[in-house]
Amino acid sequence: GIAADQDALPPHDTIQDLVYFLRRCPDLEVVQLTGWLTPEVLNAFCEDSSGNVPCPKVTVLNLENSTFNDEGLKNLILRRPTSKCARIRTLNLRGSFQFSVEVVDWLRGQVEEVLWDGESNDIANFETLQLS
């Protein structure tokens, strides 16, 4: 696996460097991108114009504390051809509160395990914490 943290806005070439790196790591199974702000980085996991799919073995994608948008995540799942690569089985969106409940529900229909704490203010969760 690989973990790439980003604390501040990257220089222009940082995204290209990450994409370059990911496209040359066909055996990665777990990728963690913490704090990424630029939605273009999700393109690193999609099929390119030549039909190549980077990181075809990735099954766990951790996007904690990121500000990707709903459409970017949907496109990632839709554009990653399962005929050429493993299906993403775990998607970690903890600390990423900008997603809509509807899109997270859609993602849960596509991915086996979606971890998201955007619902953590629900009364049911509060009551569960009180009982623990």
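**View 1. Surroundings of L61 in the predicted model.** Leaving aside neighbours within four places in sequence, L61 is in contact (heavy atoms within 4.5 Å) with V31, F45, L76, I88, T90, L91 and N92. The model is predicted, so that local features need pLDDT of at least 70 and side-chain atom pairs count only at pLDDT 80 or more, whereas totals for chains, interfaces and linings use all residues. Residues are numbered from 1 along each chain as its sequence is written, and side-chain values use heavy atoms, with hydrogens and water left out.

**View 2. The largest nonpolar core.** A nonpolar core is a set of buried Ala, Val, Leu, Ile, Met, Phe, Trp, Tyr and Cys residues joined through side-chain atoms within 4.5 Å, where buried means under 20% relative accessible area, exposed over 50% and partly exposed in between, with a 1.4 Å probe and protein chains only. The largest such core has 31 residues, of which F45, L61, L63, L73, L91, L93 and L107 touch the most other members. Two or more residues of this core come from each of α1 (12–22), β2, α2 and α3, and α1 gives the most, with 4 residues. In soluble globular proteins, nonpolar side chains tend to be buried together.

**View 3. Packing of helix α2 against helix α3.** Helices (H or I, at least four residues) and strands (E, at least two) are DSSP runs, numbered from the N terminus. The axes of α2 (residues 70–79) and α3 (residues 101–110) come within 10 Å and cross at roughly 15 degrees, which makes α2 roughly parallel to α3. These axes are lines fitted to C-alpha atoms, for helices over the stretch in contact, with angles running from 0 to 180 degrees between N-to-C directions; angles under 35 degrees count as roughly parallel, over 145 as roughly antiparallel, 65 to 115 as roughly perpendicular and the rest as oblique. The crossing of α2 and α3 is left-handed, a term used if the near helix is turned anticlockwise from the far one by less than a right angle, with clockwise giving right-handed. On the α2 side the contact is made by D70, L73, K74, I77 and L78, and on the α3 side by V103, W106, L107 and Q110. The residues of this contact divide into 6 nonpolar, 1 polar and 2 charged, where Ala, Val, Leu, Ile, Met, Phe, Trp, Tyr, Cys and Pro count as nonpolar, Asp, Glu, Lys and Arg as charged, and the others, Gly among them, as polar.

**View 4. The buried residues of α2.** In α2, the buried residues are D70, G72, L73, L76 and I77, and the buried residues of this helix pack against β3, β4 (90–92) and α3.

View 5. C55, in the loop between β2 and β3, has a positive phi of about 50 degrees although it is not a glycine, and C55 counts as buried because its relative accessibility is 1%. N65, which is found in the loop between β3 and α2, likewise is a residue other than glycine with a positive phi, near 55 degrees, but N65 is partly exposed, with a relative accessible area of 43%. T38 lies in the loop between β2 (30–34) and β3 (60–62) and counts as buried at 14% relative accessibility. The C-alpha atoms of T38 and T67 are separated by 7.5 Å, the two residues being 29 residues apart along the chain.
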